[in-house]
Amino acid sequence: MDAIRITGGVPLSGEIVIGGAKNAALPLMAATLLTDKPLTLINMPELVDITTMSNLLRQHGARIDQSALAPDARLGEAGTTGRSMTLTTARITSVTAPYDLVRRMRASVLVLGPLLARMGEAKVSLPGGCAIGTRPVDLHLKALESLGAKIQLKEGYIHATAPGGLKGANVVFPKVTVGGTENLLMAAALAAGDTVLENAAREPEIGNLADCLNAMGAKITGIGSGTLRISGVQTLHGARVAVIPDRIETGTYAIAGAITRGRITLKGTRFDLLEAVFSAMRQAGVSIEPVPGGVVVAAENGLTGVDVMTEPYPGFPTDLQAQWMALMATADGASMITETIFENRFMHVPELTRFGADVNVHGASAIIRGRKNLSGAPVMATDLRASSSLILAGLAAEGETLVNRIYHLDRGYERLEEKLGACGARIERIVGA
Ligand code: EPZ
């Protein structure tokens, strides 16, 4: 298994180009199942999760063509980076999403809504728990039932049918769910009649999906608000859509600049995607300056502790909670982090304490008492964002850090060691450590 070795203490300086958002790209890819025409996605990140989704979609019948942009075109179309991907699902060849693929990535459950809408049938493995919590899909299923789906759970699979087709309905989500909102948007796009989704997630990735569906011929209004209205249509056609910049990658590298007391220009991203995080960073004493096509982050010594609570968008994202904790471990004074989205998302705490971080967890909150210096240590990554918090701590710490089990990182960060290395970080991947 690969590991990453870091010799910390170097203030980062330079530019990092942000890729397309993993969590926007995955539902956009699933939207291919709604049409027999080609869907082209530009600004696609190159990540293990994207490969997993490609494999899943191929076994449902999708043909996937990828084209890498030439290196000199990396900041090309619409100021975007990365490659493009064209997905064409002329015919659905299987309505089953098997356990072996779904267990690798929970976002596989996003094929449920589109398969059901197009085929009137879907059989999707239940995803099961994961390192950050139990993560049920009951809200997806209840909402699909409101649209007329019949759902049975058998032998670890969700068996969903809608023989007469799905029918528009009023759905009130009892809790904000990103994946649930995405599944319902895709299902309702092809349902008969009107659907209203209330207490819908407002994450920018939802807006990206809704805009894509509209470009494919869907009729969705209320985008960006908590109430989405969908007038079902009979068929959808192809489209060409750009994946929005990855706000979690942006936030992670912004924190990398701040935790090393350096100065980094983040390109190909948008300030407005991360206002809650940038506002907390400013309160902590970090300079954040929006510039055309990006953001400049700079920090000097003497950051102060700032409390944050994770919340659905536009609140502070749970996917940056672990990275924020690493930053707070190096700030002056105490701070508190309250996690309200997942019940078990403090797995990084015991690992951060190996750097000398002073963190105490009380239920859903963690108290962090900042210290002048962290010291490098061998640590173990437990999930994607926990892994990136350990990388950040390693960049700030004195001496050598070895982050083991980094396969999680490759699910969500493209060429991380290359991007950080270009800003002066002493970081290397050890293959097969
Ligand atoms: C999405 O997961 C993201 N994944 C996660 O990013 C992110 O942490 C999460 O949203 C919250 O922002 C993708 O977009 C692919 P939810 P999702 O449904 O859709 C509970 C990362 O690191 N819930 O909004 O699965 C659930 O257990 C990942 O990139 C139910 O109880 O999240 C959680 O407590 C990790 N029943 C809360 O709601 C349900 O049916 C929010 O989950 C669905 C969810």
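Where does P314 lie, in terms of the elements on either side? P314 is in the loop between β18 (308-309) and α10 (321-328).

## Basis of the model

This is a predicted model, in which local features need pLDDT of at least 70 and side-chain atom pairs count only at pLDDT 80 or more, while totals for chains, interfaces and linings use all residues. Residues are numbered from 1 along each chain as its sequence is written, and side-chain values use heavy atoms, with hydrogens and water left out.

Helices (H or I, at least four residues) and strands (E, at least two) are DSSP runs, numbered from the N terminus.

## Ligand surroundings

The ligand is surrounded by 22 residues, where a residue is counted as near if one of its heavy atoms lies within 4 Å of the molecule. The closest are D138, L139, T177, D319 and I341. By class, the shell holds 10 nonpolar, 5 polar and 7 charged residues. In this scheme Ala, Val, Leu, Ile, Met, Phe, Trp, Tyr, Cys and Pro count as nonpolar, Asp, Glu, Lys and Arg as charged, and the others, Gly among them, as polar.

Of the 830 Å² of accessible area that the ligand has on its own, the protein covers 87%; areas come from the Shrake-Rupley method with a 1.4 Å probe.

The elements giving two or more residues to the shell are α1 (22-30), α5 (138-146), α6 (178-189) and α12 (384-396). The largest share, 3 residues, comes from α5.

## Backbone exceptions

Most residues other than glycine have a negative phi, and most peptide bonds are trans. The bond from Y313 to P314 is cis, with omega near 10°.

N43, in strand β3 (residues 39-44), has a positive phi of about 65° although it is not a glycine. N43 is buried, at 3% relative accessibility. E155 also has a positive phi, near 50°, and lies in the loop between β8 (150-154) and β9 (157-161). E155 is exposed, with a relative accessible area of 77%. Buried means under 20% relative accessible area and exposed over 50%, with a 1.4 Å probe and protein chains only.
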